[in-house]
Amino acid sequence: MTQILKFWLSIATLLTGLASSSVPSAAQSANPPLGNVPDPQIAAALKDVSPQRIQASIEKLVSFYTRSSLSGQDPNLVNAGRGIAAARQWIVAELERYSKECGGCLDVETYRFVEPPGKRVPNLTEMTDVYAVLKGSDPAGAKRMVLVTGHYDSRNSDVMDGAGFAPGANDDASGTAVSLECARVLSKMKFPVTIVFLAVAGEEQGLIGSRHFAEMAKERGWNLEAVLNNDIVGGDNNPAQDRSLVRVFSEGIPLAAKEQDLRRLRTLGGEDDSGSRELARYIGEIARAYDAGVKPMLVFRLDRYERGGDHESFNEQGFAAVRFTEFREDFHHQHQNPRNEDGVEYGDLPKFVDYDYVARVARLNAATLAALAMAPAPPAHVHFPRGLASDSTLIWDASPGGLATAYEIVWRATTSPEWEHQLRVGNVTRATLQMSRDEVIFGVRAIDAAGHRSLPVVPAPEP
Ligand SMILES: [Zn+2]
């Protein structure tokens with residue numbers, strides 16, 4: 001397959017709209033590293049990610065004894081440094097501190113809502129998400145957004161227990177610490193695109209905080225291009241753990257797919273090309289461009305068996321969102337009252353967390369956020385023109401915002417998990433490759449002068 005593609009490419013003629021456009025040679029298309037080239041600024045920022053800072057954040061979050069969304073929020077409790085409201089106040093203060101260090105570059109906000117009684121919520125309960133916005137420096141780019149999140153609430157064996165010890169060091173102080181550390185490190189830089197650093201409540205009560213937040217984002221018309229959800233990224237200290245890997249879960253058939261989308265998927269396939277899956281592949285390319293110290297294991301599945309996560313709330317609103325989770329979970333150390341029983345130690349305690357591992361996951365998150373926040377907007381309305389053809393013509397609308405200086409076509413066999421080939425086609429909005437679209441999957445992405453790549457967009461047939 002590869003050889004045939006290379007041969008075809010060597011004779012491919014690009015009808016790019018530029019009279020002088022050259023015929024690509026096999027050398028141009030063979031063996032370039034796929035995806036982003038390392039940006040020295042981003043590589044330098046990753047060195048600033050600190051396991052010690054992450055440890056301090058996780059230990060602080062555990063110190064609130066419980067962060068159950070059902071823990072009381074009265075001032076006495078907050079003053080005593082107990083419960084979810086006290087934890088929230090600390091997160092707000094921490095983000096404000098980072099903002100002070102960057103001359104007020106972060107807008108620190110809360111999103112408050114009242115959840116009616118439900119399966120895991122006994123009474124009307126106020127919950128609050130906390131987020132900081134690093135506004136994009138480019139007027140058009142600032143409307144585009146990428147987001148990183150973790151949930152700051154915790155639970156023990158009884159999800160309705162709002163008073164007992166619920167340390168939640170791994171689940172999910174680790175993810176909250178990733179979001180905070182990304183905010184601290186990336187707020188020292190400038191990006192054309194807006195980055196949002198989020199910590200949500202109510203995850204353990206049924207993804208409540210993220211659901212309200214994603215609905216709010218949709219209502220406000222946020223152009224969220226990517227959501228990175230970190231939940232259980234502590235690298236639990238068990239013998240079967242592989243600290244060189246972090247699993248990245250992504251939906252296949254989108255939760256937000258409409259009937260017409262499903263019809264197209266049934267005939268043409270594309271169930272491996274949701275926006276979330278393109279984001280997962282992008283993370284794979286980022287891990288090859290930057291030394292985060294951990295590799296993503298792409299899992300083509302919404303989430304683990306019998307489990308759910310906050311990325312789903314964003315998927316439901318049609319946003320591309322993935323979940324990072326450690327390679328090997330130990331269920332003695334999640335959703336358990338801390339205790340010793342028959343020689344087994346239960347509980348989600350800090351001593352089971354590997355802070356170096358969390359830092360590596362934070363680096364992979366930060367690199368992905370930074371690369372996307374530097375990149376031009378993806379091309380719009382990517383499609384094949386109607387009609388049968390042996391060659392493949394791709395047409396798209398220019399990347400809005402003016403950051404793009406060129407476009408790149410990527411493709412892979414329908415049976416391949418990741419992009420296998422890329423071809424730069426110049427600053428054009430149309431290209432023809434002498435190969436059939438029938439047995440490959442194409443994508444088009446925008447590139448800027450420094451080589452930052454947008455997320456790829458898979459073409460649709462012209463309606
Ligand atoms: Zn969790």
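Donors are N, O and S atoms within 2.8 Å of the metal (3.2 Å for Na, K and Ca), and water is not among the atoms, so sites may look incomplete. This is a predicted model, in which local features need pLDDT of at least 70 and side-chain atom pairs count only at pLDDT 80 or more, while totals for chains, interfaces and linings use all residues. Residues are numbered from 1 along each chain as its sequence is written, and side-chain values use heavy atoms, with hydrogens and water left out.

- The spacing of the donor residues of the zinc ion in sequence is H-x19-D-x59-D.
- Because His-151 lies in strand E3 (residues 144–151) and Asp-231 in the loop between strand E5 (223–230) and strand E6 (245–250), the pair ties together parts that are 80 residues apart in sequence; strands are DSSP runs of at least two residues, numbered from the N terminus.
- The protein donors are His-151 (NE2), Asp-171 (OD), Asp-231 (OD) and Asp-231 (OD), which lie 2.0 to 2.5 Å from the zinc ion.
- Both His-151 and Asp-231 are buried, where buried means under 20% relative accessible area, exposed over 50%, and partly exposed in between (1.4 Å probe, protein chains only).

**Cysteines**

- One disulfide is found in a search of the whole structure, a disulfide being a pair of cysteine sulfur atoms within 2.5 Å.
- Cys-102 is joined to Cys-105 by a disulfide, with S to S 2.0 Å, and the link is left-handed, at -85 degrees about the S-S bond.
- Cys-182 is in no disulfide, and its nearest cysteine sulfur, that of Cys-105, is 14 Å away.
- Cys-182 is buried, with a relative accessible area of 1%, whereas Cys-105 is partly exposed at 23%.

Note on methods:
Helix = DSSP H or I, 4+ residues; strand = E, 2+ residues; numbered from the N terminus.
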